[in-house]
Amino acid sequence: MDSNTLNGLKAAFEAAPSPELAKIIVLAIVENSSTEDIAPYIDALGGSLTRTELEKVIGAIEVANLDDSLIALAQGLDIHGCKELIELLIEQHNLESARIIYLDALSRDAQFRSVELDSALAIELPRTKLKVVEKADGAAITDLTRYRQKGSDFKDVVGLAKIKKQIHKKIILPFQSPSLFQRFKKKIGGGVLLYGPPGCGKTLLARATAGECNASFFNIEVSDVLDMYIGESEQKLHAIFEKARNETPSVLFFDELEALAGKREHARNSSSANTVSQFLTELDGFSQNNDGVLVLASTNVPWAIDSAFLRPGRFDRMFFVPPPDLDARQGILEHHILGRPASEDINFNAIAKKTSGYSGADLANLIEMAADEAIDEAIESGQDTSITFAHFKEALSESRATTMEWLTTARNYARYANDGGRYNDVLEFINKHSKN
């Protein structure tokens with residue numbers, strides 16, 4: 001890899017650090033037989049490395065005298081990678097580092113215990129018995145009424161016309177005309193993943209989709225699934241899906257999907273990987289019938305989702321929810337100003353033109369900031385004041401678009417990890433708006 005490409009990757013890493021970029025940079029530095037500035041990238045490594053890649057990284061660490069980086073490397077690896085690292089260190093007779101890493105891994109996850117490693121490292125630890133835990137209340141787990149939320153419709157979603165059209169065609173119509181789709185043996189339901197910058201309306205769009213389908217909408221929070229006890233998370237997930245199957249047509253919505261469906265090679269313990277496997281089973285397991293169950297999910301980091309979720313039959317439909325365009329920004333501003341004292345001199349079109357890249361949440365916050373300016377003026381003057389265009393100018397000078405960091409990170413993944421054109425919509429959006 002030439003120096004210009006490597007410097008470009010380093011700049012991308014500084015803007016948006018990630019284990020994948022760190023891996024590419026470290027291996028490139030090793031390939032160039034240089035150890036300059038390698039420490040921060042080794043510390044950021046994580047997930048899965050092949051045995052050959054691990055050998056190269058260990059060699060670079062030894063040459064650079066960065067023994068402390070071995071522990072940081074081990075903590076970022078998955079269980080399999082960490083064990084391979086320890087085995088390689090044992091083969092190289094670096095028993096001291098291998099012992100430190102092994103004991104550190106055991107302190108984080110008792111299931112990491114290995115009889116072979118105990119013997120090789122001459123470690124004797126007392127065997128502990130598993131604590132028997134009373135099972136969670138099954139009725140509480142399967143009672144989806146506490147998750148149930150009222151659906152809305154597409155009238156409540158400002159902008160996103162292209163996405164709404166796609167969702168209507170691919171998701172809503174099968175619910176509204178089941179006989180037509182059954183004739184062609186098309187199943188109703190399936191999995192849909194909404195991804196994009198935070199604050200751009202993914203959750204609102206999911207709730208509106210459920211309302212358009214005339215289906216029950218169940219908002220499942222991460223805390224309702226994850227449990228500290230082994231096996232409980234899988235049980236809760238299974239119970240939620242079973243109840244949804246019994247109440248069709250229904251829509252299950254999982255926000256922050258990466259917390260339940262993250263890449264298994266990045267899992268710090270086996271229980272996280274088991275939850276991912278259970279989720280996959282519920283989506284299209286051999287004995288499952290999810291006809292009439294639509295599984296909607298949203299995430300800000302689609303690249304952190306386990307690739308097994310993105311194959312056909314699971315979350316095979318992905319929709320990029322971008323920051324609102326000019327017309328949508330104007331509509332959002334006009335919507336959020338309703339009910340507030342505002343003067344007629346406010347030019348929302350001019351404000352919308354100055355807020356390119358703002359998310360819906362950013363625009364709502366802009367309204368709040370303008371209202372704060374008006375309140376401050378009312379307090380100082382002692383007279384009733386409405387929100388004016390001048391207040392928006394003050395608010396604009398202090399606000400910024402929060403989507404830029406996300407778009408920078410997404411651009412790197414779209415350029416270097418765009419498997420099968422998965423992020424083509426992101427590239428199209430960035431290319432279009434970078435020219436404006």
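Predicted model: local features only at pLDDT ≥ 70, side-chain atom pairs only at ≥ 80, totals over all residues.
A residue counts as buried when its relative accessible area is under 20%, and as exposed when that area is over 50%. Helix α19 runs through residues 389–398, and its buried residues are Phe389, His391, Phe392, Ala395 and Leu396. These sit on the same side of α19, because they cover an arc of only 150 degrees around the axis. The face turned away from that buried side carries Lys393, Ser397 and Glu398, which are exposed. As for what lies over the buried residues of α19, the cover includes α16 (326–337), α17 (348–353) and α18 (360–381).

Helix α7 tells a similar kind of story. Buried in α7 are Ser97, Ala98, Ile101, Tyr102, Ala105 and Leu106. They keep to the same side of α7, since their arc around the axis is only 165 degrees. Over on the other side, Glu96 and Ser107 are exposed.

Ile101 shows how the packing goes: setting aside neighbours within four places in sequence, Ile101 is in contact with Leu70, Ile71, Ala74, Cys82, Leu85, Ile86 and Leu89.

The whole structure holds 14 aromatic pairs. In one of them, Phe279 and Phe309 have ring centres 5.3 Å apart and planes at 80 degrees, so the pair is edge-to-face. Phe279 belongs to helix α15 (270–284) and Phe309 to the loop between β5 (293–299) and β6 (317–320), so to speak 30 residues apart. Phe279 has a relative accessible area of 0% and is therefore buried; Phe309, also at 0%, counts as buried.

Trp303 and Tyr413 pair up in another way: they are stacked, 4.5 Å centre to centre with 5 degrees between the planes. Trp303 is in the loop between β5 and β6 and Tyr413 in helix α20 (404–416), so this pair ties together parts 110 residues apart in sequence. Both belong to a cluster linked by ring pairs, along with Tyr195, Phe320, Trp406, Tyr423 and Phe429.

How values were computed:
Residues numbered from 1 in each chain as written. Heavy atoms only, no water. Contact = heavy atoms within 4.5 Å. Buried < 20%, exposed > 50% of the residue type's maximum accessible area, 1.4 Å probe, protein only. Helix = DSSP H or I, 4+ residues; strand = E, 2+ residues; numbered from the N terminus. Arc of directions from axis to C-beta. Phe/Tyr/Trp six-rings, centres within 6.5 Å; stacked < 30°, edge-to-face > 60°.
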